[in-house]
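Hi everyone, thanks for making time this morning. I'd like to walk you through a structure that may be new to you, so please have a look at it with me.

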Amino acid sequence: MLQLQFIRENRDEVIDRLAVKNFKAATLVDEIIELDNTRRSAQKELDDILAQSNQLAKEIGNYFKQGESEKAARAKSESIQLKAKAKELEPVLTETIELLNSKLIELPNLPHSSVPKGRTPEDNEIVHSEGTIPQLFDGAVPHWDLASTYQIVDFELGNKVTGAGFPFYRGKGARLQRALINFFLDEAIEAGYLEYQTPLLVNAASGHGTGQLPDKEGQMYFAPEDNLYLIPTAEVPLTNIYRDVILKDTDFPVKNVAYSNCFRREAGSYGKDVRGLNRLHQFDKVEIVQIQHPDKSYATLDEMKEHVAGLLRKLELPFRILRLCGGDMSFTSALTYDFEVFSAAQQRWLEVSSVSNFEDFQANRMKLRFKDKEGKTRLAHTLNGSALALPRIVAALLENNQTEDGIKIPEALQSYTGFKFID
RNA sequence: GGAGAGUUGGCAGAGUGGUCGAUUGCGGCGGUCUUGAAAACCGUUGACCCGCAAGGGUCCGGGGGUUCGAAUCCCUCAUUCUCCGCCA
């Protein structure tokens with residue numbers, strides 16, 4: 001969430017910048033400032049009452065010691081009255097704070113100044129394209145057909161055992177998954193990231209920390225018996241490691257990576273978007289997270305963007321990088337680059353990674369801070385990116401590398417798969 | 001799942017109703033001494049809210065209660081350890 005003080009001091013700027021995200025903030029911002037004013041005066045009033053009764057309590061102690069029981073009794077009754085007043089004020093203050101917080105988390109993050117205006121994916125800005133789109137032979141087919149021809153992904157079996165969007169990977173298909181996971185992890189470790197294996201279920205506090213709650217509640221699988229959420233991405237546990245943590249400024253940059261299963265309900269999806277591996281309820285992803293000093297977070301964003309580009313280059317996939325427009329960005333992001341690979345049989349671009357700088361938006365929710373050189377406590381910046389999500393990479397690899405005799409495995413992966421060909 | 005014992009500042013560890021936001025040690029930071037370092041000695045060292053400041057308030061696992069007053073008493077939840085049960 002945004003910092004209250006910043007909102008108070010930059011009301012007009014907040015409203016203008018949120019307009020880039022097509023968010024009409026004026027009413028909400030004014031409500032927030034008004035609520036904060038109420039909060040401040042209520043707090044002051046309560047603090048004064050408490051100060052008086054603290055003072056009285058000390059005096060009463062002294063009176064008792066000196067055996068002045070009459071004075072003590074008088075002070076006592078005075079104190080009881082103060083206490084009654086405090087009892088009235090307390091709920092007013094708590095309610096105000098709760099209301100203020102609930103309004104505050106409705107405000108999205110401010111977009112970076114380079115974010116283009118726009119409403120739909122068509123308004124995203126292509127900042128880079130690389131690789132050549134392969135010309136497939138006649139009779140080339142989409143990956144879902146390849147999956148059944150070579151018996152490497154079984155969607156029907158997934159339907160039977162679980163439901164749509166939960167495929168089985170089989171034989172060389174399963175091996176390919178494992179190869180990609182190891183390849184992505186090794187590349188990240190090589191780039192200085194520390195590997196984690198995280199829990200796949202998290203509590204509500206963690207969901208709030210990274211911003212999935214409350215706005216994306218319906219997107220997560222939930223286990224009500226235990227009040228736990230299945231993670232939609234390893235970003236959640238990996239970033240929440242630092243919830244309520246104060247780092248030293250020599251700790252930067254914190255670079256973490258985790259492979260995990262990801263679970264997404266994807267309510268309301270339909271049609272060609274969800275065919276085959278294009279969109280699943282359970283999928284595999286390697287996620288990179290960095291925590292950085294505010295002055296360096298944009299340089300870090302570029303570094304992470306280059307890391308992801310390097311992976312796609314090694315996999316020999318044609319890709320492009322988009323700078324998301326205000327309307328297509330997530331609630332929490334200040335600047336997001338999406339990576340898309342071209343899947344040659346479907347003839348469409350598939351999103352395989354999203355790399356974002358959240359600046360201090362998540363950090364503010366999580367109370368993730370650091371001590372700067374002057375010893376002041378400040379919010380850190382958080383960033384994350386997929387490096388990479390597997391299903392659409394697999395889709396593109398299968399489609400783009402198909403030949404009449406089988407599917408070629410890119411060279412960089414061969415030492416991981418142990419085979420060069422799926423046939 | 002059952003029984004018992006814990007949860008205090010970066011760490012260790014005192015404190016069982018009143019000048020306790022908290023003794024002390026270690027660690028950190030600053031200084032004296034030293035060519036430099038170590039040792040020794042001195043000082044300093046939590047977070048948050050309101051306030052220009054002075055100052056005030058909140059926080060001893062979380063929440064609630066008793067009391068004029070709670071780290072200290074009561075309830076509750078979480079969590080750790082030990083024993084038993086169950087299981088990988």
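Let me start with a question: is Gly 131 buried or exposed? Gly 131 is exposed, with a relative accessible area of 58%. By those words I mean that buried is under 20% relative accessible area, exposed is over 50%, and partly exposed is in between, using a 1.4 Å probe and protein chains only. You can find Gly 131 in the loop between β1 (125-130) and α5 (143-149). Its C-alpha atom is separated by 34 Å from that of Pro 237, and these two residues are 106 apart along the chain.

A quick word on the ground rules. This is a predicted model, where local features need pLDDT of at least 70, side-chain atom pairs count only at pLDDT 80 or more, and totals for chains, interfaces and linings use all residues. Residues are numbered from 1 along each chain as its sequence is written, chains are lettered from A and ligands numbered from 1 in the order in which they are written, and side-chain values use heavy atoms, with hydrogens and water left out. As for the helix and strand labels, they are DSSP runs numbered from the N terminus: helices are H or I with at least four residues, strands are E with at least two.

Most residues other than glycine have a negative phi, and most peptide bonds are trans. Asn 22, though, has a positive phi of about 60°; look for it in the loop between α2 (11-20) and α3 (26-65). Asn 22 is partly exposed, at 29% relative accessible area. Lys 367 also has a positive phi, about 55°, and sits in the loop between α11 (361-366) and β14 (369-371).

On to the peptide bonds. The one from Phe 252 to Pro 253 is cis, with omega near -10°, and Pro 253 belongs to the loop between β8 (246-248) and β9 (254-263). The bond from Ala 387 to Leu 388 is cis too, with omega near 5°, and Leu 388 is part of strand β16 (residues 381-389).

Leu 388 comes up again as one of the residues touched by Ile 393, where contact means heavy atoms within 4.5 Å. Ile 393 is itself among the residues touching the most other members of the largest nonpolar core, which has 59 residues. Such a core is a set of buried Ala, Val, Leu, Ile, Met, Phe, Trp, Tyr and Cys residues joined through side-chain atoms within 4.5 Å.

Note on methods: Lists of a residue's contacts leave out its neighbours within four places in sequence.
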